[in-house]
Amino acid sequence: MRKVQTATKQNEKKTGFIKNIRNNWQFLLMAMPGFVQVLLFSYLPMAGLILAFKSIDYSKSIFEMDWVGFKNFEFLFKNPDVFTVLRNTILYNLVFIIAGATVPVAIAIGLSLLRNKRMAKVYHGVGFLPYFISWVIISYLAVALFDYRLGILNNMGMEPVNWYQTPKYWPFILVFFHIWKSCGYNAVIYYAAIKGIDSELYEAAAIDGAGVGRQIWVITVPSLKPTIIMMAILAVGKILNADFGLFYNVPMGSGALLPVTNVLDVFTYNALKLNGDIAMSSASGFFQSIVGFCLVLITNYIVRRIDESQALF
Amino acid sequence: MNKNRFFKKKLRKNEISTTANVLLNVVFIIYALMCLYPMALVIGTSFAEETYLNTVGYKIFPQVVSFDAYKYILANIQPILRAYTVTICVTVVGTVVSTVVIALYAYVISRNEFRYKKFFTFYLFFTMLFNGGMVPWYIVCTQLLDINNTYVALVWPALMSAWYVMIMRTFFTTGVPNGIVESARIDGAGEFMIFVRIVAPVSIPGIATVALFQMVYYWNDWYLPFMLTSDPEYANIQLYLKRILNNLQEILNSPGVAAQSGDALAKIPREGARMAICALAIGPIVLAYPFFQRFFVSGLTVGSIKG
């Protein structure tokens, strides 16, 4: 008796599934191009992460390649450069995360305080412009500034500096260009969030005697917090993913600068395409992906523990 | 006195004092100049006379102006024209196809009636948290799909963007009244019809925003040709620029130049020409930007609402 019941239930479930497909076929068809695209360029590479544990041989299919365990990782961590590269990647990204949570917020708050709204629009339009300039072109801009012979900085009457051979300046230069390119974009997001804040809150605070500074601190900043946190969580997940465009193009591949400009993505790229060392590059790529994913989960968990409503998922 | 009190009251509300306002404006003017200066430097330099340039360096307002660099480019237009053609074709095809793919997917996951909405949303969202990285991606592109050294490689891998789908989805959920979709459905319209006839027309600002972002992406892209092609034939303007930055000699590799003798060769405005090509690549963006800016801003404004 009972068996019969479960059987019919299963039957129902099955026909239910087919029915669902039939009822939703148009939706499914519309989602198909995007679905296939994501499958090919996001999920297949995820599956490809197992390459890090295999001995790579192009003549075989991915299933036929031999397992080598952690040997590729041994190679990776035996490489003397890898710790400099790791350190650079993490430090740069930490600075980028901190800068990303402060500079654009400050710009957005500043814009919202300006009395002349038309000027605010102009500034925020101009600030957004660098976002639309590619890293290749930014490397030209860097050359225009830092070229030894013709660069503007070496033609200002001061002692010329061989910028592309002097590592100590480059952390600042790279951080500058990163902020330069990205902060306009993020400021737009924060500025929009500020504009969405109910103006009655400010009026109430003013009546209670709060000055502008106090209003920013107790109303504006807390309202921006969810956005800042969301951006920061996503950025933490990418802490081992350096911006390849920035680090590959702007230092122009100068060998003297490598101690401060070499980051994991460039390292992986060089291993893959310059040295053809796929084993090492797949190991470092694996390391990047897995650590990044764990970090997102951990950060999100911590945020959830502190304030559930602000967690990303 | 009365007036004074009124002024004070208004000030206290939530406006900053006049001095603070002036100071803030000064800060923002400096910020705006910092954003524009490097680009102006490249464009200014492209008009400098070559010997002058070689003695005083890059100048935003060169004292000795010449159009030699542009004349030189015009005379040797072949490689640049080729790179431009690649860029323009890739940008047009990529923008159109990717906007359609993104809009369809975003529409589907914005509809509550869709049974598998949750699955398709998560399926995409997960790719924002986790990815396979460069190496497996490269192997999928070159070994499995075998698109290296094809024009397809400059378009296909970038057709989908999880972030823009999320932005577009927010447009659909906030901008399309549920009632008109329901009534169209009662009238017997299919989902695809509803999308094309009703949802897309009312969502033009959202679709335009994503299309413009994708357009900028394809225009600025150097990564795909750099990773997936080795033949110079496939170089777009960005990759071409990258090559001549690393190797000035490349400018001289065009067929017209090789025939010239030593004296003429020395007069070639190399530095200027390089900057002129760069200026030509920045130009369209800077010129088009004021017209498109509001779309970018409104797109981010609507789309970045959490959730």
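Reply:

**A glycine in chain A**

Gly184(A) lies in helix α7 (residues 170-195) of chain A, where helices (H or I, at least four residues) and strands (E, at least two) are DSSP runs numbered from the N terminus. This is a predicted model, in which local features need pLDDT of at least 70 and side-chain atom pairs count only at pLDDT 80 or more, while totals for chains, interfaces and linings use all residues. Residues are numbered from 1 along each chain as its sequence is written, and chains are lettered from A and ligands numbered from 1 in the order in which they are written.

Gly184(A) is buried, because 23 other C-beta atoms lie within 10 Å; a residue is buried with 20 or more such atoms within 10 Å of its own C-beta, exposed with 12 or fewer, and partly exposed in between, C-beta atoms being placed from the backbone. Leaving aside neighbours within four places in sequence, Gly184(A) is in contact with Gly127(A), Phe128(A), Leu129(A), Pro130(A) and Tyr131(A), contact meaning that the C-beta atoms, placed from the backbone, lie within 7 Å. Met119(A), 65 residues apart from Gly184(A) in sequence, is 15 Å apart from Gly184(A) in space, C-alpha to C-alpha.

Notes: Contact = placed C-beta atoms within 7 Å.
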